[in-house]
Amino acid sequence: AVLTPHAGELVTLLAARGVETDRPTVSADPASWAERAADLTGRVVLLKGSVTHVCAPASAPWASDGVRVAARVEAPSSWAATAGSGDVLGGVVGALLAGQADRLVDDPARLVGLAATGAYLHAWAAERASGGGPIAALDIAAALPAVIARLITGVA
């Protein structure tokens, strides 16, 4: 499973597990808090933000010698921070995981890379959709095919 909270949602997730913190504290050190949430939940955590942090729990069976599998995705702009965009991100990540379901059974460490790929696609679709101005979540979804096509073909 991949959990996709923003900082405020992560505070709630952590509180449910007995860890008290607040949004400014999480925002000040998102990588550490994403790691802590991954460890507490036993799940891959994708902590959304202008820099998205994706990490697996240190106890993951694929972690070797205590080395955590993690990724970081920097967004080209903040236009993805709009109501409902997390649902679009969840759909992108879910589609990527579903498309790799057979491979994930054999290599669950792919979860982190696929989740990070979803964050990358989402961020660049938001950038493409924005044209430099505000957007709605559905604008991000509508821009995804062009972003994916550009990655596959190299043509805008």
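This is a predicted model: local features need pLDDT of at least 70, side-chain atom pairs count only at pLDDT 80 or more; totals for chains, interfaces and linings use all residues.

Modeller: Residues are numbered from 1 along each chain as its sequence is written, and side-chain values use heavy atoms, with hydrogens and water left out.

Colleague: Why are H4 and H7 called roughly parallel to each other?

Modeller: The axes of H4 (residues 85-99) and H7 (residues 137-153) cross at roughly 30° and come within 8 Å. Angles under 35 degrees count as roughly parallel, over 145 as roughly antiparallel, 65 to 115 as roughly perpendicular and the rest as oblique. H4 and H7 are therefore roughly parallel.

Colleague: Which residues of H4 and H7 meet?

Modeller: Ser85, Val88 and Val92 of H4 meet Ala137, Ile140, Ala141 and Leu144 of H7, where contact means heavy atoms within 4.5 Å. By class, these residues divide into six nonpolar, one polar and no charged; Ala, Val, Leu, Ile, Met, Phe, Trp, Tyr, Cys and Pro count as nonpolar, Asp, Glu, Lys and Arg as charged, and the others, Gly among them, as polar.

Colleague: What makes H4 oblique to H6?

Modeller: Their axes come within 9 Å and cross at roughly 135°. That angle makes H4 oblique to H6. The contact of H4 with H6 includes Leu89 and Leu96 of H4 and Leu114 and His122 of H6. Its residues comprise eleven nonpolar, four polar and no charged.

Colleague: How is H1 placed relative to H3, and what is the angle between them?

Modeller: H1 (residues 7-15) packs against H3 (residues 30-41) at about 40°, with the axes 11 Å apart. H1 is therefore oblique to H3. Among the contact residues are Leu10 of H1 and Trp33 of H3.

Colleague: What volume does the largest pocket have, and what makes a set of points a pocket?

Modeller: The volume is about 510 Å³. On a 1 Å grid over the protein atoms alone, where a 1.4 Å probe fits, a pocket is an open set with protein on both sides within 12 Å along at least five of seven lines, and lining residues have an atom within 4 Å of a point. Of the 29 lining residues, the closest to the centre are Lys48, Gly49, Ser50, Thr52 and Ala81. The lining divides into 13 nonpolar, 13 polar and three charged residues.

Definitions and conventions:
Axes are lines fitted to C-alpha atoms, for helices over the stretch in contact, and angles run from 0 to 180 degrees between N-to-C directions. Helices (H or I, at least four residues) and strands (E, at least two) are DSSP runs, numbered from the N terminus. Grid points are joined across faces, edges and corners, and a volume is the space filled by probe spheres set on the points.
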